[in-house]
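Here are a few friendly notes to read alongside the model. Please keep the picture open and find each place as you go.

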Amino acid sequence: WLLEVNGTPSLAVDHEDPQVEAVIRGAKGGMVRDLVGLLGLRERFRPRYRALALAAQRDRQAASGPGGVVALGRGRKRVAVKAAKRVEEEEEDESDGDDEE
C-alpha cells in the first residue's frame with residue numbers, strides 16, 4: 001500500500017473542461033466532508049450554530065412585529081441567517097438518518 005499525505009491540499013477548482021471540473025469538485029468536496037466528520041466539527045460548533053439560529057429567529061420575529069425594523073449589521077445578519085439554515089439542514093439530515101436505521 002502507498003499512502004500519500006499532502007499537508008496543504010489545494011481546495012481550488014479551476015479547469016477549462018466543465019466535466020473534469022465537476023469530477024475534481026466532487027472529489028475535493030468529499031475530502032472536506034470527510035475531514036469535517038473526522039474532526040467532529042459539526043458537533044463541536046453545533047451550540048454556536050443553534051445560538052446564531054435563535055438570534056436570527058428573534059431578529060426575524062422582531063422585524064415582522066410592530067414597526068418591523070431591526071437595526072442589525074449586514075455582516076451579523078448574513079452570518080446568523082447562514083447559521084440558521086445550516087442548523088435546519090442538519091436537523092433535517094438527522095431526522096432523515098433516523099428513518100434509515
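1. Overall pattern. Helices (H or I, at least four residues) and strands (E, at least two) are DSSP runs, numbered from the N terminus.

2. What you are looking at. This is a predicted model, in which local features need pLDDT of at least 70 and side-chain atom pairs count only at pLDDT 80 or more, while totals for chains, interfaces and linings use all residues. Residues are numbered from 1 along each chain as its sequence is written, and side-chain values use heavy atoms, with hydrogens and water left out.

3. The chain has 101 residues, and 15% of them are buried. Here buried means under 20% relative accessible area, exposed means over 50%, and partly exposed is in between (1.4 Å probe, protein chains only). The chain exposes about 8,600 Å², with carbon and sulfur atoms supplying 55% of that area. Such areas come from the Shrake-Rupley method with a 1.4 Å probe; for residues, only the protein chains shown count as cover.

4. Contacts along the chain. Of the contacts between residues at least 6 apart in sequence, 47% join residues at least 24 apart. A contact means heavy atoms within 4.5 Å.

5. The salt bridge. How many salt bridges does the structure hold? There is one, and the side chains that meet in it belong to Glu 21 and Arg 25 (3.0 Å, N to O). The term requires a side-chain nitrogen of Lys or Arg within 4 Å of a carboxyl oxygen of Asp or Glu. Side chains of opposite charge can pair when their charged atoms come close. Both Glu 21 and Arg 25 sit in helix α1, four residues apart, which is about one turn of the helix. Arg 25 counts as partly exposed, at 47% relative accessibility.

6. A nonpolar patch. Leu 11, Met 31 and Val 32 make a nonpolar surface patch of about 240 Å². Patches are made of residues with over 30% relative accessible area and no salt bridge; like charges are joined within 9 Å, and nonpolar side chains (Val, Leu, Ile, Met, Phe, Trp, Tyr) within 5 Å. Met 31 belongs to helix α1 (residues 18–39). Is Met 31 buried or partly exposed? Met 31 is partly exposed, because its relative accessibility is 35%.

7. Partners of Met 31. Apart from neighbours within four places in sequence, Met 31 is in contact with Pro 9 and Leu 11. Pro 9 and Met 31 are 22 residues apart in sequence, and their C-alpha atoms are 9.9 Å apart in space.

8. Val 23. Helix α1 also holds Val 23, which is exposed at 62% relative accessibility.

9. A negative patch. Glu 88, Glu 89, Glu 92 and Asp 93 form a negative surface patch. Asp and Glu count as negative, Lys and Arg as positive, and His and the chain ends are not counted. Each charge is placed at NZ of Lys, CZ of Arg, CG of Asp or CD of Glu. Glu 92 lies in helix α3 (residues 74–100) and is partly exposed, with a relative accessible area of 49%.
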